[in-house]
Amino acid sequence: MDAYFYILLVVGLLSTGVCLAAGILKKAPNDVTILSVAAVEVALLVYLVGSIIRVIAGEPIAGEAWEFWGYMVTAMLLPPAAVYWSILERTRWSNFVLAAVGVTALVMAARMNQIWY
Amino acid sequence: MKDQRTASPAGQGPAGDGPAASNSRNTGPGRLLIAVYAVFAISASARAGYQILTKFPEAPLAYLLSAFAALVYVVATVSLAKAGSTWFKVSVAAVLVELVGVLVVGALSVFDPVAFPHETVWSLFGRGYAFVPLVLPILGLVWLYRRRPGGLASAA
């Protein structure tokens, strides 16, 4: 596991925790929960840029390269999709949808690490 | 009659007698359910596609099963999001198939690990996915029962 994974571990769990708490407190999605999901997207963006730089620098991906990039693209689509889905109906349930983003991104980052090394 | 198909996200309440009332499946907790199903539909499809394209001859049965599971999740996601009693029936069918699938494949993968390598969403009752595949159809059925057309809304 590399630094990118640990960044996503922290940001993802934090985002999931914040969104879960907001959902349990019966709050609708607000700036805090949406921004926490945006932070997950930023963490993924850092992973994306870092990975592109590493590939250009000549570092090989141990596993299937297209599988790695497939995970990356799918993971990066999750936060915008969840935010879109949650603002269509702003109820506490949408915060649980947002909460799913952090852990999902975390699991996908773990898989991406496995593929890379 | 003309605007039956317009899926109003705001649940119309007990007064609705048909299309409006059945729209209540995609609001509130239903949105969370649909979102989780969507994630499974995407990940199962991607996994099945990858397995079939790269290593199909290794375990054709397991990978066809992966593809079937992916299809079930896609149908469940779409039908849960749609209004109307026809889509309700499709949802019930998809979720029941999902439940039977995870139970049968889960049991087979425990008793006959050779024929069922741990490579489908449903293997070992979905252990690779934190048992979400096992819990999801049960939650789905509970949700569908509570929001069944002509159920609570018209009985109340």
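**A walk through the two chains**

Analyst: Along its sequence, chain B follows the pattern α-α-α-α-α-α. Helices here are DSSP runs of H or I with at least four residues, strands are runs of E with at least two, and both are numbered from the N terminus. This is a predicted model, where local features need pLDDT of at least 70 and side-chain atom pairs count only at pLDDT 80 or more, while totals for chains, interfaces and linings use all residues. Residues are numbered from 1 along each chain as its sequence is written, and chains are lettered from A and ligands numbered from 1 in the order in which they are written.

User: How many helices and strands are there in chain B?
Analyst: Chain B has 6 helices and 0 strands.

User: And how much of chain B is buried?
Analyst: Of its 156 residues, 38% are buried. A residue is buried if 20 or more other C-beta atoms lie within 10 Å of its own, exposed if 12 or fewer, and partly exposed in between, with C-beta atoms placed from the backbone.

User: Where is Phe125(B)?
Analyst: Phe125(B) sits in the loop between helix H4 (85-111) and helix H5 (132-146) of chain B. Its phi is positive, about 55 degrees, although it is not a glycine.

User: Which other residue is in that loop?
Analyst: Ala130(B) is found in the loop between H4 and H5 of chain B. Ala130(B) also has a positive phi of about 55 degrees without being a glycine.

User: Is Ala130(B) buried or exposed?
Analyst: Ala130(B) is exposed, with 11 other C-beta atoms within 10 Å. Phe125(B) is partly exposed, with 18.

User: Switching to chain A: which residues of H1(A) are buried?
Analyst: Among them are Tyr4(A), Leu8(A), Val11(A) and Cys19(A). Seen down the axis of H1(A), the buried residues fall within an arc of 165 degrees, so they line one face of the helix. The arc is that of the directions from the helix axis to the C-beta atoms.

User: What about the other side of H1(A), which residues are exposed there?
Analyst: Ala3(A), Tyr6(A) and Ile24(A) are exposed on that side.

User: And what covers the buried residues of H1(A)?
Analyst: The cover includes helix H2 (31-56) and H4 of chain A.

User: Last one: how many residues does each chain bring to the contact?
Analyst: Chain A gives 14 residues and chain B gives 12 residues. Two residues are in contact if their C-beta atoms, placed from the backbone, lie within 7 Å.
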